[in-house]
Amino acid sequence: MSVYAMVKDTSVTEAVKAALTKLISQDLVDAVLVAAKSPYSALPMPTLFANAEAMDGIDPLAPAAPFNAARQAATVSRQATGKRLALVLRPCEIRALIELVKLNQCTLENVVLIGIECLGRMENEVFLRHAAAQGDVTAEFLKNTSLQDDITRTCKMCEQFEPAHADIVMSTLGMAENSVLFASGSETGEALLKELGLSPAEKPAERETVTKQLLEKRAAFKKEVFAETSEKINSIEKFEEMIGTCLNCYNCRQACPVCYCKECVFLTDVFSARPETLLRRAQKRGSVKLPTDTSMFHLTRLSHIAHACVGCGQCSSVCPSNIPVADIFTTVAAQVQARYDYVPGRDVQEPIPYLMFEEKQKSGEPK
Amino acid sequence: MVKSMSDFQPKIIALVCNWCTYTAADLAGTSRLSYPANIRMIRMMCTGMIDPKYILKAFLDGADGVFIGGCHPGDCHYINGNLKFKKRMAGMEAIIKQFGFDENRLRLRWIGASEGPEFQHNMTDFIQTIQDMGPSPAQGIMVL
Amino acid sequence: MNQPANILVIGAGISGIRSALDLAELGYKVCLLDRAPAMGGILTRLDRQFPNNHCGICRMLPMFDRDNSEEFCLRKGLSHENIEVLLSTEVIAVEGNPGNMTVTAVKQATGVDADRCIGCQECEKVCPVEVPDTFNAELGKRKAIYLAVPYQMPNQRVIDLQACTRCGECVKVCPTAAIDLERTPETLTFENIGGVVLASGTGLFNPQDMDIYGMGHFPNVVTSSAFERILSSSGPYQGSLIRPSDQHPPKKIAWIQCVGSRNPMIGADYCSSACCMISIKQALFAKERLGSDTQTTIFYMDMRTFGRDYQRYRDQAEKENNVAFVRCRIHSIEPNEEEGNLKISYVDHSGKPVNAVFDMAVLATGKDPLRKLPDFAAHPGIIATDAVSEWMDIGSSVVSASGVSERLARMLSSAGIKPEKQATAPLSDKVAGSPHLQVVLCSCNGSLDKVIEENQLAAELKKIPGRIDIMQAKSVCDAEGLDQVKEILLNGPANRVLFAACNAQVFRPKLKQLAAVTGIPKEFMDVVNLRGLTENAASHDLLGEIMNQLEMRANRLFRKKITPADVRPIQKTALVIGSGPAGLSAALALAAQNIKVVLVEKKETIGGNFANIHDAQIREMIGQLMDEAKDHPLITMHTDTEVINNAGVAGQFVARLRHANGAETTVLHGAAVIATGGGKADLPADTLADNKIISLYDLEAELNQPGIDAANINTVVFMQCIGSREEPRNYCSRICCLKSLKTAMKLKELNPNCDIYVFYRDMMTYGESEKFYTQARAKGIIFIPFEKQEKPAIKIESGRVLVEGYDPVLNEPVCIEADRVALASGLIPNPVDLVASTFHVETTQDGFIQEADSKWRPVDTGREGIFVCGLARGPVRADEAVQEGKAAGLRALRILARDTIPASQHSAYVRHAICSLCERCIAVCPFDARYVDPDLGRIMVDPVACQGCGVCAAECPNGATLIGDFEEYGVMDEIEAALG
Amino acid sequence: MATRTGLRKWFPDFFDKHQAFTVFDLLVDYLKSGRIKLNTSMFGQRLAYHDPCNYGRKSEEVFGHGYFEEPRWVLDQFVSNWVDLYPAKANGYCCGGGGGTMLTPYREERLHYGLRKIEQIKRVNPEMIVVPCHSCHGQIKQLLKEHEMDIPVKYLWEMVADALIMD
Amino acid sequence: METLTKRKPSLIKQQAPLRDSTHLMDMCMACGTCSAGCPLTGVDGFDPRKIIRMVLMGRDEELIESKLPWLCTMCGKCEHACPMGINIISTIRTIRGMVDRDKVPGMIHKGIELCLETGNNIGLPEEDFVFIIEDVGEELAAMPGFADFKVPIDKKGANILHTLHNKLVNTQNEDLVHWWKIFYAAKEDWTVPKQNWEGVNWGLFSGDDEAMKLSVGRIVDNMDQLGITNLMYPE
């Protein structure tokens with residue numbers, strides 16, 4: 001990152017808006033995907049803008065994300081359209097998006113990634129409660145650290161609040177009120193920032209300290225959660241207790257940005273047990289709880305995505321039974337990722353671990 | 001419902017490759033190299049065919065151990081399916097371990113076609129290992 | 001004879017199996033016979049092969065249309081719809097002409113009726129006669145009634161009637177009355193035989209009669225084949241590398257090369273070609289098994305590492321693994337003071353005598369000089385593989401066998417014999433219906449009654465939910481019992497069958513018959529080894545064991561489906577790239593079978609290196625191929641043309657050709673043969689400039705000028721391995737030694753007084769070409785060996801060309817003033833980058849095309865439908881290039897001879913509706929069998945290339961890709977049953 | 001060897017009218033026809049038999065028949081405990097005294113050659129050595145003396161003569 | 001190091017007899033079998049394959065002048081395993097034959113000369129010979145079981161002609177009697193010639209065909225003169 005620019009205006013959101021609308025108005029991109037309020041709700045939803053005038057409601061720094069927008073981003077970048085697209089995403093969304101690129105679910109061709117420094121998101125109802133109370137939650141959230149304690153449990157353990165791999169990064173930590181730091185993360189970003197005509201700036205000195213403090217806090221909490229969770233699921237029986245209320249609604253998989261299957265295997269014939277099977281199972285075990293294969297579902301999903309889990313916490317957020325799914329998944333994921341020395345979203349060129357094996361060669365003879 | 005060690009007869013699922021380990025198993029049979037019978041052998045065309053689901057299914061259904069036998073690296077009929085499985089295996093170990101299944105309940109070994117004695121030895125040894133560990137924690141509990 | 005055979009293949013070893021499979025895959029009916037009681041020849045005795053120390057025997061099996069054959073390790077045997085295997089059978093007479101021959105054979109009685117034997121082993125347990133175990137090189141004992149090969153499936157015993165005392169113990173215990181000691185040999189007559197492949201091998205030299213090696217006298221002197229058995233887990237010591245005398249691991253092992261080879265005194269003026277590499281391999285295994293401090297020494301004259309990757313193998317053994325190589329032929333092996341140890345004397349490089357002591361010595365034996373071809377070998381219509389007259393490594397045998405298959409196919413088609421179109425038995429309508437299982441409980445003539453009744457198996461089975469019918473049979477092995485089952489399957493509602501019987505392996509072949517009659521596919525049938533379970537089960541829960549097994553299989557059967565068969569229409573045109581001997585041979589092989597061939601040549605003329613070839617015989621051979629190809633109506637030639645693009649899959653490729661004038665042509669083809677060849681390597685840049693210092697090629701050309709006067713060429717020095725066999729070109733070019741010999745002899749012919757010296761590293765006159773080496777020496781040519789690090793130096797002193805070297809025989813430096821110094825600069829491949837990227841095939845570090853497997857699939861590439869032969873693959877002599885061309889042509893023909901190729905039942909298929917197109921399956925597929933159809937936007941499976949390994953299915957997270965016969969739901973249900 | 005070679009080479013007619021026998025031919029003939037009888041308990045010691053090159057290997061090469069089995073047959077008729085050296089017969093070691101080397105001044109070299117014979121003898125550790133050749137007899141005696149081995153050396157025919165049962 | 005321009009043709013190679021025409025000395029591949037098997041390899045520079053190589057390189061003179069051919073015991077062990085069937089022993093003998101007779105080391109040629117002159121290699125006069133053998137014969141006759149034993153000398157019409165190794169007559173008289181005993185027991189009709197009784201023929205060792213032929217001829221003459229049909233090979 002070599003260029004800094006600062007925008008000052010009435011609010012942080014306005015500052016961001018000013019920059020992002022210019023992307024379209026100056027024809028630097030054809031469309032922008034960014035979280036925006038709708039006339040019907042304060043809850044910002046990923047919204048695709050092709051017209052600068054329509055961008056009034058954008059609120060990317062709002063501490064809310066009803067879902068991990070990587071899947072929406074992947075939907076608009078499923079294949080190259082010949083048009084240039086800017087995607088404004090949180091770090092966990094970018095990481096998930098990179099995993100989806102590896103899984104051939106989307107392409108970064110002609111895509112400008114704009115990452116936001118994310119101080120966390122609140123559960124939807126928490127955010128809406130604040131919104132009802134005070135209007136511009138975003139502004140309040142960024143300056144009021146006590147509000148920051150209302151973010152989700154998973155966000156509290158997130159150490160990756162600064163986006164990597166973005167062309168442009170927007171940050172607020174350590175910044176003066178109503179100001180946003182724009183940094184370029186690539187030549188593309190550099191060029192765009194120049195076009196936007198932002199004023200050159202310097203990193204405020206306290207930014208480093210604040211960042212470091214936050215990081216330490218998050219790391220400590222993460223450690224705590226991992227230890228606690230690991231203990232809570234260290235036997236299959238304890239695990240069953242945790243998931244005893246699971247409804248097999250598959251919301252968690254629906255909310256998971258890296259659970260990319262068009263249709264979950266648990267909805268296919270592989271798991272839709274035949275009546276004969278269920279009957280036999282009941283005969284042998286005395287009883288079968290229905291829907292069946294609840295543990296199997298969670299463990300299988302772990303086996304599928306543990307390497308790719310970006311720790312966004314959406315699974316927990318959507319669970320109707322309040323099962324701490326994200327605690328379980330992030331705890332296991334950390335162990336699996338360590339075994340493979342794999343970090344999801346680290347590098348778009350890095351193949352997923354199962355596609356890399358010793359003697360990578362197709363003919364029979366070792367070289 | 002913990003059974004006493006002496007009458008603990010482990011339930012073992014062995015997923016073995018059609019080409020090498022299955023041949024070794026047959027060879028052990030025809031060479032009268034006996035090994036404990038409480039092994040449920042399921043023939044796979046290749047260890048590379050083994051889906052993680054099979055391992056999870058086996059453990060959740062009460063297997064005390066899961067043995068996987070494949071061709072030696074380089075000998076795979078499908079060039080490198082065995083190595084692909086080996087890669088998957090690492091993640092599986094981490095997962096089952098976290099849920100309280102001793103990692104050693106899942107074992108991968110390369111057993112070549114001519115290695116009847118190795119097959120026998122591996123089976124005997126694995127059963128012994130499992131016997132020493134006792135029944136799987138999934139035994140006797142209700143798995144949802 | 002159960003079925004008419006069009007073709008007889010004599011000898012069921014590597015060559016015989018290759019040839020039988022080739023012809024069976026073309027659709028011919030083949031009878032594969034062997035005089036041994038088990039098939040496989042040397043194949044069953046080998047665990048691992050050089051130069052990768054791996055095993056890949058199974059890679060010989062058919063790659064597509066696999067439903068015609070059983071897929072299992074070839075050590076167990078071979079099962080193919082079109083092949084009947086007849087063992088203990090020897091051909092004694094052949095009559096008639098190609099296309100219509102009558103062959104008489106004698107089938108020896110084995111004492112055991114294969115239709116009855118259930119492989120229970122009871123007979124072997126009671127047999128009181130022990131004889132040396134021939135399978136294990138007599139290092140152990142076996143009974144007179146025995147399993148000829150321990151892997152053999154079905155595991156039916158045979159009786160060694162020579163050893164058998166007719167005591168009758170086995171007859172008494174046999175539960176199925178399968179043993180008849182009074183059986184006599186049977187004479188079999190095969191009529192209407194189109195042709196015969198003679199692949200009976202050469203036999204192994206037995207050093208027992210040579211008094212110098214102490215074989216038979218010293219237990220620790222063993223042959224290399226015995227050592228192979230010692231290394232094997234199925235060998236006499238269960239794979240422990242121990243020496244026979246005291247069963248201790250040896251610390252020092254010697255390998256003695258050329259035992260029985262390169263020895264005109266015993267009629268062996270030939271090299272057995274493979275022994276050098278075998279010894280290196282064995283030394284490496286000894287190090288691996290016993291630790292790197294194990295001393296391994298190979299005594300040799302020339303290490304014949306002439307295969308493409310062999311020199312590096314040797315170098316690695318020498319440098320990284322410290323295998324010692326000593327250039328001295330061994331006179332004798334003698335005893336040493338310590339019990340069992342052996343003394344071997346030799347002279348070292350400086351001529352000093354050394355007495356070394358070893359714990360064990362391995363005699364590298366090759367071809368048996370006493371083995372003669374059968375009388376009928378020369379009968380028209382019989383084509384012999386090279387491995388009948390020469391010992392050779394597996395790769396060469398396989399190439400030769402496929403070459404023979406090609407010649408036979410050509411002979412048959414010119415005799416008007418075509419393979420019969422196979423009618424596939426129609427499936428019964430009820431197969432598509434919902435699963436209904438018929439369980440057949442066989443009491444094996446009452447012997448399992450107790451098990452079945454005491455455990456109330458029928459009642460237990462009825463508890464399994466689902467539609468299950470149960471019948472009890474007395475014996476399904478005999479016709480009556482089987483008829484009962486057929487009856488029920490034909491008339492009853494069941495569409496799946498599970499047998500609880502005795503030995504599944506013995507019974508399984510009967511499923512094929514049953515399938516043919518009932519229209520229920522054999523994949524919908526299974527067998528549980530009830531007897532085995534009864535015998536082996538720990539008694540704590542026999543019923544549980546049996547029910548587990550039955551339910552496991554039942555569950556799989558319940559979930560079986562007919563895999564939706566993708567059928568690939570075949571574009572019956574071949575693309576051949578390169579028009580040297582290999583390419584021309586491939587093209588002609590295909591054209592002879594009515595396949596259109598598009599032959600592409602980069603140069604303006606065809607013939608490869610024809611213009612540079614001086615050997616009259618080779619010229620004639622290539623010239624003939626050129627003429628034939630030019631005149632062939634089915635061969636279209638494009639000279640001055642390159643292939644710039646190739647897309648598609650086996651059977652359906654689209655290639656673009658670019659001609660010299662820039663014009664482009666599109667060719668639709670079904671298979672391509674890469675034969676881009678190579679040529680002479682240039683002399684090294686530091687070669688002294690003098691018109692007396694020339695390349696071997698130039699000297700050859702000079703001497704072949706008409707009217708050449710060689711009177712002034714009085715002293716000539718040949719220098720071998722110029723630039724070859726050391727990095728970066730660390731491979732043997734294979735042609736130079738023979739070329740130097742021939743050139744030197746030509747020179748001797750022109751000027752008998754010419755003194756000729758050949759400086760060599762290892763004379764690579766493998767196989768029959770050893771005779772040229774012998775002849776050259778007989779003509780007075782002096783051969784002086786040198787080591788890579790002590791190359792002779794060439795100097796020019798006042799106009800005189802001097803070669804300074806060291807003669808280890810005289811232990812003196814030598815300096816020769818030469819009129820010519822001929823440098824053997826070797827061969828390099830033509831650049832293959834374009835062709836490799838165009839056809840998506842891999843290359844070796846030396847720029848050759850990498851084959852799929854140098855031993856078992858030597859002319860296939862990693863991509864189905866793309867084949868490689870000749871110099872493009874590795875250095876070859878012209879005759880070998882022809883052989884490889886034929887083999888490659890034959891391999892391509894397996895595809896092109898068909899109109900369509902259906903996917904095997906046991907292949908991958910994609911359920912597009914739920915496929916997320918993540919392409920992980922494409923990334924892991926080892927056979928490049930998967931691709932995205934750009935128009936449909938779907939993942940496609942190439943039915944020709946897919947081998948059904950299932951890596952794709954395991955990689956696919958949601959079951960969008962499945963493997964026929966191994967669908968995930970079936971396996972999951974099987975696991976569940978197993979743990980019930 | 002020399003006579004036999006000479007007769008063949010220069011007097012081929014000799015064999016039209018004459019017959020020639022080796023020592024072994026005669027011994028075998030006498031024993032087989034019963035013309036001589038031997039005392040079978042005379043030699044109970046452990047004996048080692050040495051094959052002379054001329055009667056053995058070289059006869060085999062030049063005349064197509066080496067006298068390997070005949071002396072052993074003779075020994076079998078009256079000696080119970082005789083052993084072969086290893087290597088023996090066609091691949092046996094010369095005593096070191098062949099080729100006229102007994103007559104040359106190269107004594108050291110000859111004794112050096114004989115080391116192999118001594119090693120062979122030591123390996124079987126005999127109480128007596130039997131040879132059917134005058135040169136071998138002399139050389140082996142000398143070798144044994146040189147190596148301070150007190151083992152008697154006897155001619156095969158000497159043993160036969162000693163064991164004769166006179167009517 | 002001498003620079004080789006043109007090899008000299010080897011007389012040794014030309015003259016050394018072959019096993020048969022298919023086993024040329026040129027075929028030697030210097031494999032080392034002979035060297036590995038010969039106990040003399042390395043002694044005073046002796047090495048059978050080196051000798052063959054020197055012949056092939058035309059270095060006759062060096063060989064003829066060296067003591068190498070005389071170190072060889074001509075035992076033939078080297079040849080026994082030679083894969084090319086090269087007649088190494090004949091080659092050695094051929095070299096020996098090319099050595100000036102006065103340079104033949106040790107007793108060999110002197111013995112031959114004596115033999116040519118006197119009929120035996122030790123130059124023993126006829127009277128002395130007759131005395132010795134009769135004397136030993138008398139001793140034997142005195143032993144129990146050999147009553148009336150007499151050495152039959154020059155017995156016409158005897159069944160077998162017996163020659164003697166000179167060392168038995170010379171220094172090891174005690175070994176003369178073994179065969180006599182056997183003949184006596186077998187009631188063999190045998191005889192010893194009093195002239196040209198020499199049983200060994202050193203021409204074989206010295207490469208001296210002329211002398212060798214002469215000695216063999218004497219045996220033939222003896223047989224013809226005495227009217228004997230059967231010969232017992234002397235050695």
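The centres of domain 1 and domain 2 of chain E, taken over C-alpha atoms, are separated by 34 Å. Domain 1 covers 11-99 and domain 2 covers 108-232; such bounds come from an automatic or database domain assignment. Four residues of domain 1 of chain E are in contact with four residues of domain 2 of chain E. Two residues are in contact if their C-beta atoms, placed from the backbone, lie within 7 Å. On the domain 1 side, the touching residues divide into no nonpolar, two polar and two charged. Here Ala, Val, Leu, Ile, Met, Phe, Trp, Tyr, Cys and Pro count as nonpolar, Asp, Glu, Lys and Arg as charged, and the others, Gly among them, as polar.

This is a predicted model, in which local features need pLDDT of at least 70 and side-chain atom pairs count only at pLDDT 80 or more, while totals for chains, interfaces and linings use all residues. Residues are numbered from 1 along each chain as its sequence is written, and chains are lettered from A and ligands numbered from 1 in the order in which they are written.

**Chains D and E**

Chain E also touches chain D. The contact takes 50 residues from chain D and 49 residues from chain E. Several elements of chain D give two or more residues to this side, including α3 (23-32), α4 (54-63) and α6 (107-124). Helices (H or I, at least four residues) and strands (E, at least two) are DSSP runs, numbered from the N terminus. α1(D) gives the most, with six residues. By class, the side of chain D has 26 nonpolar, 15 polar and nine charged residues.

A strand of chain D also joins a strand of chain E. β1(D) and β4(E), residues 230-232, run parallel and are joined by three bridges. Two strands pair if DSSP finds at least two bridges between them. Phe21(D) stands opposite Met232(E).

| Chains | Closest C-alpha atoms |
|---|---|
| chain A and chain D | 45 Å |
| chain A and chain E | 34 Å |

**Chain C**

Chain C holds an open sheet of five strands, in the order β12-β19-β13-β14-β15, with parallel pairing. Its edge strands are β12 (221-223) and β15 (324-327), and each pairs on one side only. From one strand to the next, the twist averages 25°. Axes are lines fitted to C-alpha atoms, for helices over the stretch in contact, and angles run from 0 to 180 degrees between N-to-C directions. Three bridges join β12(C) to β19(C), residues 360-365. There, Thr223(C) stands opposite Leu363(C).

A hairpin lies elsewhere in chain C. Four bridges join β46(C), residues 930-933, to β47(C), and these strands run antiparallel. Arg930(C) has Val941(C) as its bridge partner. Four residues lie between the strands, and Gly937(C) takes a positive phi near 65°. A residue is buried if 20 or more other C-beta atoms lie within 10 Å of its own, exposed if 12 or fewer, and partly exposed in between, with C-beta atoms placed from the backbone.

**Chain B**

Chain B has four helices and four strands. From the N terminus on, they run β-α-β-α-β-α-β-α. Buried residues make up 69% of its 144 residues. Its C-alpha trace spans about 45 × 35 × 20 Å along the principal axes.

What radius of gyration does chain B have? Chain B has 15 Å, which agrees with the value near 15 Å for a compact globule with 144 residues. This radius is taken over C-alpha atoms, and the globule rule is 2.2 Å times the number of residues to the power 0.38.
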